[in-house]
Amino acid sequence: MPGILVAAISLLFLSCRSLTSIDDHALVLPSARIETRQAPAADELSSPTRVVVLGTGTPIPDAFRAGPSIAVIHKGESYLFDAGAGAVRQATIARYKYDIPSLYPSEICCVFLSHLHSDHTLDLSELAHTLWWRRSESLQAWGPAGIERMANALLELIAADADFRINGLQPVANPDGYKIQHHTIRPGTLLEKDDLLIEAFVVNHGDIEPAYGFKVTTDDLSLVISGDTAYSEVIAEKSQGVDLLFHEVISRQGLERNSPDFQRYHNSVHTTSDELARLAVIARPGKLVLYHGLFYGSEESTVLDEIRAIYDGEVILADDLQSFSSERR
Ligand SMILES: [Zn+2]
Ligand SMILES: [Zn+2]
């Protein structure tokens, strides 16, 4: 009887999609290739800024959506925003799908964590420690207060592995390659490199404090990444006229399927589709890209319908591995 009940609930929330695209990757992508770079190649330096949405998911396990992670690739470096579960595997696929050498996991230089909810951090260890012995520079990670504790805990997690590799016969490029270089985020400029500027600003994620959104500006692209947030005026302000606004969303219809206590929680920490539409009316981004969507059994397309009922600009519900490039260069 409990089995039947589970099956019935599963059917209620079922949203079927084909696995064909995943099979396609397996057919055309190389496997087990070791890559190291001394420096970015000339064509990487001259490529337009590109954004690849590595994962569009949430804490809820999903066969089609990895945990939230967005990669910005600029002049031969990849900058990740959040590292949800599966992000590293997605980066490996994206490296070959789009021919982006800096997305090879041990070549990724930097990650920026919007907040320390686990769905945004579960792949931090994977990112820092995949092939760490071939890293000349260890991973740099920016995060809210608590990032130091997390980085230190990961040192414990990898301690036995580090001992084996450093003290054994295995060649190691940099004996500190497994140590995350961590930085605590303060609002304002986090990184400025040539014509790349990465800024953080505080968003309202209910009682999860602090939580940050990010603005990235390059010579040919501007974007804002909301992280997890309830309706935050600062996002409307920061994303005025940007090319891309990546924003989390919870379906209004899906929210109403939740119990009253979960509705109260979600209302205080996430942005409903109608609230996001009102934010977009103010910000008017070039493209509004939805990720970290909570649907709770409603058809995914309902968030698009709910937003388009209020906002007439371009809205995209992102899929994992969807890519956006500057059209200006
Ligand atoms: Zn989240
Ligand atoms: Zn969160």
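**Entry 1: the core**

I began with the largest nonpolar core, which has 75 residues; Ala71, Val111 and Phe112 have the most contacts inside it. A nonpolar core is here a set of buried Ala, Val, Leu, Ile, Met, Phe, Trp, Tyr and Cys residues joined through C-beta atoms within 7 Å. A residue is buried if 20 or more other C-beta atoms lie within 10 Å of its own, exposed if 12 or fewer, and partly exposed in between, with C-beta atoms placed from the backbone.

I note that this is a predicted model, in which local features need pLDDT of at least 70 and side-chain atom pairs count only at pLDDT 80 or more, while totals for chains, interfaces and linings use all residues. Residues are numbered from 1 along each chain as its sequence is written, and chains are lettered from A and ligands numbered from 1 in the order in which they are written.

I then looked up what Phe112 touches. Leaving aside neighbours within four places in sequence, Phe112 is in contact with Tyr79, Phe81, Trp142, Leu190, Ile198 and Phe214. Contact requires the C-beta atoms of two residues, placed from the backbone, to lie within 7 Å.

**Entry 2: the whole chain**

I counted eleven helices and 14 strands in the chain. Both are DSSP runs numbered from the N terminus: helices are H or I of at least four residues, strands E of at least two.

Of the 329 residues, 41% count as buried. The C-alpha trace spans about 60 × 55 × 40 Å along its principal axes. The radius of gyration is 20 Å, which agrees with the value near 20 Å that a compact globule of 329 residues would have. That radius is taken over C-alpha atoms, and the globule rule is 2.2 Å times the number of residues to the power 0.38. Among contacts between residues at least 6 apart in sequence, 67% join residues at least 24 apart.

**Entry 3: the sheet that holds β1**

I traced an open sheet of seven strands in the order β6-β5-β4-β3-β2-β1-β14, with mixed pairing. Strands β6 (181-184) and β14 (322-325) are at the edges with a single partner each, so one side of each has no neighbour in the sheet. Two strands pair if DSSP finds at least two bridges between them. The twist averages 20° from one strand to the next; axes are lines fitted to C-alpha atoms, for helices over the stretch in contact, and angles run from 0 to 180 degrees between N-to-C directions.

I followed β1 on both sides. Strand β1 runs antiparallel to β2 over five bridges, and Val51 has Val72 of β2 as its bridge partner. Four bridges join β1 to β14, also in the antiparallel sense, with Val53 opposite Gln322. Five of the six residues of β1 are buried.

Further along, β4 (residues 110-112) and β5 (residues 140-143) are parallel, with three bridges. Phe112 stands opposite Trp142 in β5.

**Entry 4: helices on this sheet**

I found helix α4 (residues 87-97) lying across β1 (50-55), β2 (69-74) and β3 (77-81), at about 135° to β1. Its buried residues are Ala87, Val88, Gln90, Ala91, Ala94 and Arg95. They line one face of α4, because they fall within an arc of 155° seen down the axis; the arc is that of the directions from the helix axis to the C-beta atoms. These residues pack against β1, β2, β3 and α5 (124-129). Just after α4, Asp99 takes a positive phi of about 55°.

Helix α6 (residues 147-167) lies across β5 and β6, at about 160° to β6.

**Entry 5: the sheet that holds β7**

I traced another open sheet of seven strands, ordered β7-β8-β9-β10-β11-β12-β13 with mixed pairing. Its edge strands, β7 (188-193) and β13 (315-317), each pair on one side only. Strand β7 is antiparallel to β8 (residues 196-202) through five bridges, and Gly188 faces Ala200 in that pairing. Helix α11 (residues 301-308) packs on this sheet and touches β11 (244-250), β12 (287-294) and β13, making about 165° with the direction of β13.

**Entry 6: loops**

I checked the loop between β7 and β8, where Asp194 is found; this residue has a positive phi of about 50° although it is not a glycine. Asp194 counts as exposed, with 10 C-beta neighbours inside 10 Å.

Pro210 is in the loop between β8 and β9 (212-217), and the peptide bond from Glu209 to Pro210 is cis, with omega near -10°.
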